[in-house]
Structure formats: structure tokens, C-alpha cells
Number of protein chains: 4
Amino acid sequence: MENTEGDSKEELRLMDDIVIRYLEKPKLKNAVFVEGLPGIGNVGKLAAEHLIDELGAEKFAEIVSKHFPPQVMVTDGGLVKLVNNELWYVKGAGKGVDIVFLVGDYQGINPEGQYELSDFILQVLQDLDVKRIFTLGGYGVGKIIDKPRVFGAATDEGLVKEMEEFGVVFTRSETGTGINGASGLLLGLGALYGMRSVCFMGETSGYFVDPKSARSVLEVLTKALGVEVDFADLEEKAKQIDSITARLREQQEPKPEEPSKDLGYIG
Amino acid sequence: MENTEGDSKEELRLMDDIVIRYLEKPKLKNAVFVEGLPGIGNVGKLAAEHLIDELGAEKFAEIVSKHFPPQVMVTDGGLVKLVNNELWYVKGAGKGVDIVFLVGDYQGINPEGQYELSDFILQVLQDLDVKRIFTLGGYGVGKIIDKPRVFGAATDEGLVKEMEEFGVVFTRSETGTGINGASGLLLGLGALYGMRSVCFMGETSGYFVDPKSARSVLEVLTKALGVEVDFADLEEKAKQIDSITARLREQQEPKPEEPSKDLGYIG
Amino acid sequence: MENTEGDSKEELRLMDDIVIRYLEKPKLKNAVFVEGLPGIGNVGKLAAEHLIDELGAEKFAEIVSKHFPPQVMVTDGGLVKLVNNELWYVKGAGKGVDIVFLVGDYQGINPEGQYELSDFILQVLQDLDVKRIFTLGGYGVGKIIDKPRVFGAATDEGLVKEMEEFGVVFTRSETGTGINGASGLLLGLGALYGMRSVCFMGETSGYFVDPKSARSVLEVLTKALGVEVDFADLEEKAKQIDSITARLREQQEPKPEEPSKDLGYIG
Amino acid sequence: MENTEGDSKEELRLMDDIVIRYLEKPKLKNAVFVEGLPGIGNVGKLAAEHLIDELGAEKFAEIVSKHFPPQVMVTDGGLVKLVNNELWYVKGAGKGVDIVFLVGDYQGINPEGQYELSDFILQVLQDLDVKRIFTLGGYGVGKIIDKPRVFGAATDEGLVKEMEEFGVVFTRSETGTGINGASGLLLGLGALYGMRSVCFMGETSGYFVDPKSARSVLEVLTKALGVEVDFADLEEKAKQIDSITARLREQQEPKPEEPSKDLGYIG
């Protein structure tokens, strides 16, 4: 389209599809990566954020992208924050493991975006000498679970055996036909980069955010990482959710102690 | 795909994703930018267009893009206009402020388009020496509001305090979880360009175009800009809308003065 | 994504977004362009194809594109044809006018594709020395029309006046808020290329393909082009459609000559 | 979007839209290509996979793409596999034909992806000296068919005649208006590459995976390829499906041998 009027047409450079801004470039060794983006029951997000808090990890990079929704979040006091993903790290946690975390407001909102974001992250991780990937998510079962199991999927049989020791359940039938989104792609694309990866999926109803399922996932993950954390915060959150769901159930159930008006007339 | 028949394949240059055509290149100093694209209740659009009229601003650029709907508008007399966004400016308004306006037929119709258009605009603004951004929009509350408040969100605490002086309400709970579209992105991406920005959102039902809410927003904005404008036109539009909504409410309410036929027979 | 196994990764060239294959490159002078792609009531398509037949135009180029549906048409005898758009031409028609036609199976299936295809076509037209554009379409009114009027929209007032002479109706209120798709974009983008353009929209119910409306459009267009054509084929098609719609109406209407069983018993 | 803080912005290379990884590069001569991707009744997929098994073909390449869903499949034992398409080959089958197969988890999930994947495959096939293409699919008829016919569509009349000898039905009316997806595009784009192609569509209800229809397609295809295969596996699968559909029909039909309670009381 040429300009037939006016004097000039500006050829302006557009924003890249994915932009990373480093606050710091950590030097890590044989690092382990933990992904906890939003998903079913926000199990992965709750688990990763809890670990970040408990291990005192620090944010070192922010990622913004056209593949996220065109949105800013309004934080306390009226300040805005462009929706993003964030990378955090901790050095020498527990028995000496370096860990990189990925958390954020959203996953990519379309298939191409999901692929590009996961591929982008994997290249960042290669750069950081990450050798092993843990992705965290929920496995929706459509009913409230008292003791959520943790299902697994991995890139090789050695990892399967290793993780079974920590109580992870690896069976085809239970995990259905596939793992969608970042938790799956980071494994599938990661394998092409030669990275050994495992996905932990905590059983969850899928109806609420599920701190109980997040705790189940963390109990396995902390063993695998060789770190120890306190679960008091997650327990507190789980109690709040339990009390909300209990109230909801009460409202739906018949209440024998409160006879209906009609029955009362009969008496 | 090669050509197996025929003599030639044309490699034609395609239209850029976003094209700007300048009618004029204004020289501005410490300019302020006001965005008023279509949105909830068309509050921002009404406010920005009213300010353009009252301050006698002039159009200096037109933006067309693949991220807009594939459509022409038919104007009076049967002339067509490709849907676009427009940039207008005024120099030395009120106490001497240079203002750039963005108005238009549509926002970008998909997330990537929204990011690209906002990023494009920000680069144009950098070029024009714009230092501060005001984005205008509506905040839908689902009921008709007599005295619409103006909610705010900003890129720094200094701006929050400054705008609170003019009656803007900055609270997390009121503004919910996010601001979508250009009004949010120009703030979020603008911060990466080092621009101080604030978004004004007028309370509105969300069911009608809302000149009353636009006026509330303008009362705040004109104070912030140090300009004075007449609101007669907006008041006139507000009266028209009020009379339409009043008629709609009448049609839905029971009318005691007009007894139903059935009751009449009884009498 | 690097390859960690295997010996080679192929970097293959992908198909262009739009590919044109010329069967012939006509030399034209001050040519006129007529667009008749599928749309409301297929009015434009019927009109353009009728004109191609009557003037004995010849196909000179085929356009395939990722912006069309991923589909082949199966023609008589089981042969396949990739869905496409086609360019046809005739030299020295009527009083000596060179005409280029655009017809096809589909318009672009998303907004970006619509923009890219229209822009692509306009560059081809520039190359062919096209000076004036006629786009043809239907204007849906939601009821069956006996004598369809032809509404117009144009890029300049001279064209508006010229076309009013042929009975085209140019009013803002009648044509609503916009013209979607190729019929609109070719005008809007064409103006940026300096091309004078007009769109003819035949009134149509929008429920059926509408040869009657196509005829109304052609009566105007042939006057504007200075050519004469026979309408027998379109009349025949119109009769077929009339007979189908008449039967449909009969089925829905009460039939007085066939009393209902209940009434029969009373008698 | 420039970085206003931090020290560096990484310009990372993104994954290509389509990536092929060769396990082996077979040397083939005058090869024939058979496509069997998922589709209506999974007829093509069942047929191609059966032929791969029976002829002892070997996998030689894997294709991953942003145009597939962002998903990994979980295989037996908890191992993950990124969703992909696969190329298999066999040399000198039957009377000496070299065959290349395309099978996979998904087709491209949007129109552009469909075009790009088909074009990509065609370029790979050119490289492998493929001269003829067979695409396999189902033709949904909305009811269960006892003896599924095989409908055809082809790029030239010679192929139509040749395939009619094997019982393929070529009629326009039966195959409707088009063939969607890879089975159609490989023919339509293939013709532009000068490849002779034919599509076989087995009649199928469209409600279930249909091994019976796959067998009908294979009976034609094996004759066309000059190979012989055993159908025991497909027959076994067909029996399983028949028994499932029979049970479903029973559940929907009235059961005379089990009188309803109401009738029982009368007795």
C-alpha cells in the first residue's frame, strides 16, 4: 500500500512476539527448573509460588508477549502491571540444588503462542545450564478428593522409576490421552533439547483453586529436589477453601433440622 | 509452491500490518497524550471527541491496519472511508499544554493486534515528545448510575496521589482484576518506554453509550490538563439517552393508570 | 528447536500466503475492474459471472491462498480443483472498454486475509493499468423484494453524481454503517492507490441466491460500462428461484381449499 | 519495545513453524505416497496404519509443528510423546512398489496450518521422488452402512478411469461440494507440483471409528498398489465396533421380552 497523499510513511519497528527483560543474570550449575503457571485448580501455580516463598527465591526476569491477553492487572493502591510471566531462582537450596522457577498471570492464549513461549523458555533454560525440568499441574477428576494422588509423566523410564519411589503414580489409563499447555509442551519440546523432564499432576476436582492438591504435589517435589519446606500457609489456604466448599454443599443439601413450612403446617 | 505452468509468478509486496499516513507532522513539546477509542459505554470515545471539538484540535495522521475489521464506513452522501484510527493535536491549550489525541472506529480485533497497535502508537508518541499518557474508558457496573465516579489506575504512586486530588478513586477492589485493550496496554507497554501514564474509567451501566459518564471523566481530565471546556453538547446527548432509557423503563414497568382489560370487565 | 538426534533438519521453503499463476498477461488500456466474489445472496457473483459469459471474457490468472478454506472442490466427473479466485478479461467490449473480472469460490476467511487479498489484487490491477473499480454485492433487507433497488457507495462525489444518473441510490441511512469484505476493502484500500471506485449493492432478502437482484445490479453496471447484454439466463434462474420460494411459502401458509379435519367434522 | 531497565534483551531464535527430524533418508524410486491422517470415522488413519503393519514399513521421519495442538500424549508406562505426524516407508512391496506413508495424531488445527503442512509434505515428497499420491478418508453419510462404497476424486481423467476399474465411484453429486483438510489439499496443491493424485473416501456413518469402511478403502488401494494384505486385524476391530453399536441400538429400542411394570399389573 503506497502513500498517494501526504509526505511520509513511517516504517516503525514492531514489538517482538516475546520480550524478556533481565533484572539479573544468575550463574547456576546443573540447575533444576520448576514450572507453575495457571491451570486446572491452579495446582501448579500454588505449589510453585509456595516454594518460591519458602525457599526465599528472587525474581530475575520478566517476560511479556503478544501471546498473553492484552491486559494490565491493577494492584493494591491502583498501580498497573502488564500481564507477564516471571523467572525466579534460588541457589544451593536444601542439599545444594540451584532452582529456576517459572510463574505468571497466564499461559499463551493460542496454540502457536503456547509453542513459541515454551520454546523460548527452553532456550533461556539451556543458557542457564538447566538439566532437569519439573512441570506442575492439576489432574481434574470432577469430584472433591480428600487425599489427592499425584500422577506423573516423564521423558524416560529412568525418571519414571525414580519418581515412583516418591509415590508418583504412572499409568496410562489414569492420565488419559494427553497433557495440554506448558506443562506438556515443556516436556515434549524439552526432549528435543535433550532435557530430562517430569510432570506432576495433583488430583483435583477442577471446580476450585486447590491448595490441598498443591500440597500433595509439593510433598513429592520437595523429596525429588531434596529440600524441606513448611506447609502452614498452604494448610491455611486449604482450610479456607474447605470452609467455602462446605458452606456451598450445605446450601445444596436438604436440611433436616429446619423443617419446611409446609410440613410445619401439617404438625 | 512452484509454478508448473504459465510463465511467471509475481512476488508482490503486501501491505504492512499497520500503516500510518501523516497529513502533517506537528512539532510539540512535553506533550500530553489522550486516548479515547471505542469501549464500554463508549465513554472514552465520547470524552476524547468532545475535547477535540471544544479545543479545536486538528487531525494530523490516519492509521489503517489489518488488525481492524475488513470494512469501510459509508458517510453522508454515499462516500466511503476505510475504518481507521486518527491522531489529532492541539498546541498551547489552556495554560499552554500540547495535546495529542487518539480516536477511531475500532480497537484491534485480536490480542496480537492490540499489542502491535499499542506498541506502534507508543513509538509514534516517543517521536512526538509525549511525556504523559491519559487513557479514557468506562467501568461497567451493570446498573444505571446517577453520579458516575471516576476510577483510576496509574504507573506510579506520584501520579496516583496527584490524580486523587481531582477526585479520582484508586482502589484495587473497585477496579477488579484488570483493564483490557488499548486503555490498559498503553499504560503497561508505556511503562516499558518510561512514560508516566494514568487511566480514567467512568462508572457506566455498560448498556448504552454514556455521555454522563464521559462528562465525569472529562471533569477530572480537564483539571489534570489545566484546560476548560463547555459541556453543553454532552449534556444534550445525555438528555437524549436519559429520555430513551426512561421510555424503555416505562415499557417494562406495570402501568397502574391503565387497568388491564380483564380487570375492567370485573368492574 | 535444535535436533539432538538424527542427521539433518530440512529448512524447506513454505508456500507464499497468496500465489498467482498467470495463464496469460493481457495488455490493457484504461481498464475497468469488476469484482463479483461470493456474498449476500451471491448477487455480485451472479452478476459478474453473467457478464463474463455474455461478453465472452477469458480467464488469465488463478489465485490460491492460505486465506481460503483448506478445501478442494469436486467437479463433474470426479476431478478436483483447489478453491481459488480467478481473473478474467475482455478487450474492447461495447463501446470499446477493457474489463478485468474477479470471481471465485470464497473471500478470505479472516480479517487479515481479507486485507492481504484486497491489497494483492490492487497491486495486480495497478500493473494492468486499471483506472476504475466496480464492486458488486447484495444489500440484505430480510424480506423478498419484487423490484430490487441498487444502493451505491463511492470514493468521490463525481462518481456519486455520475452513478445517480443510472438510478443508483446513495443515501447513508439506507446503506447502514458499513460494507464488509472485498466489496468494501477494494474501495477503501483502492482510494489509497488513487483509484476511483464505486460499489453497487442490489437489494436482496439474504435468504436465497438472488438472480433478480443480480439483474438489477447488471442493468446499472452495463449502462456505466457502455455495454449491452442479454438477461435471458438470469431471468431463467430467477424463475427457478421464484418457483422454489413460492412452494416454500405455500407450505407455510394455511390452505383454504383443503379444510382441516376438525372443521370438516363440524360441517 | 525497548528495554529501559536491566542490562540485556535476548533476541532468541524461535522454533520454526514446522520441524522435520529424519531418522533415516530412504532412497526411493517412482514412489507412491499414502496419506492416512485422522478424519471422519478415522477411516484413512485405520487404513494407512493397517497397511504399515501388514507391509512391515519403517518410520523414517517425525514432524512437529505449531499448527498441531499444544499437547503431549502419555503412552503406556507414563512416557510422553509430543503430538506429531510421522513418515514411514517400505521398499519393493508387492510387485515392487516403494511406498511412503503419512500418519499422525492430528491434522493442522487451522486453515493456514493445513496449507503450510500440506505444502511442506509435498516438498518432502518431491525430494523422495514420489510420483503418485493416494489420500484416504471417510465420507460421512449419517447412517450405518453395511457394505461401504468407496468414492473417489482425482487430478486427471486418466486416473479416474484407472480407479473406476477397481470399483471406485466417481460422481459429483455423491461427493458433495468439496473435500476438506489434508486429503483434499494434497491433491489440490499436489497438482501444482505436477503430481497425479487420487482421494479414496469410504462411506461411513461418521458416528464411530469405522474399520469396515477402512477395509473397503484398503481393498481398492491394495489393488491400485499391487500389494496383498491380510484383513484379520481390521475384521476383529470391526466386530468389536459392531458389538458396541449393536448394544447401543438395543438400549434405545423397545424390548418386547421384558414387559413394562404397568402392563404386568394388568396381567
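Reader: Let's start with H6(B): how many of its 15 residues are buried?
Author: In this predicted model, 13 of the 15 residues of H6(B) are buried, which leaves the helix mostly covered.

Reader: What span should that helix have, and how far apart are its end C-alpha atoms?
Author: Helix H6 of chain B runs over residues 211–225, and at 1.5 Å a residue it should span 21 Å; its end C-alpha atoms are 20 Å apart, so the two values agree.

Reader: Which residue in chain B has a positive phi although it is not a glycine?
Author: B:Asp129 does, with a phi of about 65 degrees.

Reader: Where does B:Asp129 lie, and how exposed is it?
Author: B:Asp129 lies in the loop between helix H2 (111–127) and strand E8 (130–140) of chain B. It counts as partly exposed because 13 other C-beta atoms lie within 10 Å of its own, whereas a residue is called exposed at 12 or fewer and buried at 20 or more.

Reader: What about C:Asp129, what is its phi?
Author: The phi of C:Asp129 is near 60 degrees, again a positive value in a residue other than glycine. C:Asp129 is found in the loop between H2 (111–127) and E8 (130–140) of chain C, and it is partly exposed, with 13 other C-beta atoms within 10 Å.

Reader: Staying in chain C, how does strand E3 join strand E6?
Author: Strand E3 (residues 58–65) and strand E6 (residues 85–93) of chain C run antiparallel and are joined by 5 bridges; in that pairing C:Ile63 stands opposite C:Asn85. E6(C) is also joined to strand E7 (residues 97–104), by 7 bridges and again antiparallel, and there C:Glu86 has C:Val103 as its bridge partner.

Reader: How many residues sit between E6(C) and E7(C) in the hairpin?
Author: There are 3 residues between them, and C:Gly94 in the turn has a positive phi of about 50 degrees.

Reader: Over to chain D, then: what joins E4 and E5?
Author: Strand E4 (residues 71–75) and strand E5 (residues 79–82) of chain D run antiparallel, with 4 bridges between them, and one of the residues involved, D:Val72, has D:Leu82 as its bridge partner. Their hairpin has 3 residues between the strands, and D:Gly77 takes a positive phi near 85 degrees there.

Reader: Now the overall picture for chain A: how many helices and strands are there?
Author: Chain A comes to 8 helices and 11 strands, and buried residues make up 50% of its 267 residues. Among its contacts with a separation of 6 or more, 75% are between residues 24 or more positions apart.

Reader: What is the mean pLDDT of chain A, and where does it stay under 50?
Author: The mean is 88, with 86% of the residues of chain A at 70 or more. The pLDDT stays under 50 over residues 1–14, for which the model has 26 contacts beyond four places in sequence. It is also below 50 over residues 257–267, a stretch with 1 contact in the model beyond near neighbours in sequence. Where pLDDT is low, the predicted coordinates should not be read in detail.

Reader: And what ipTM and pTM does the model score?
Author: The scores are ipTM 0.86 and pTM 0.88.

Methods. Residues numbered from 1 in each chain as written. Chains lettered and ligands numbered in written order. Predicted model: local features only at pLDDT ≥ 70, side-chain atom pairs only at ≥ 80, totals over all residues. Helix = DSSP H or I, 4+ residues; strand = E, 2+ residues; numbered from the N terminus. Expected span 1.5 Å × (residues − 1). pLDDT = per-residue confidence, 0-100. Contact = placed C-beta atoms within 7 Å. Pairing = 2+ DSSP bridges.
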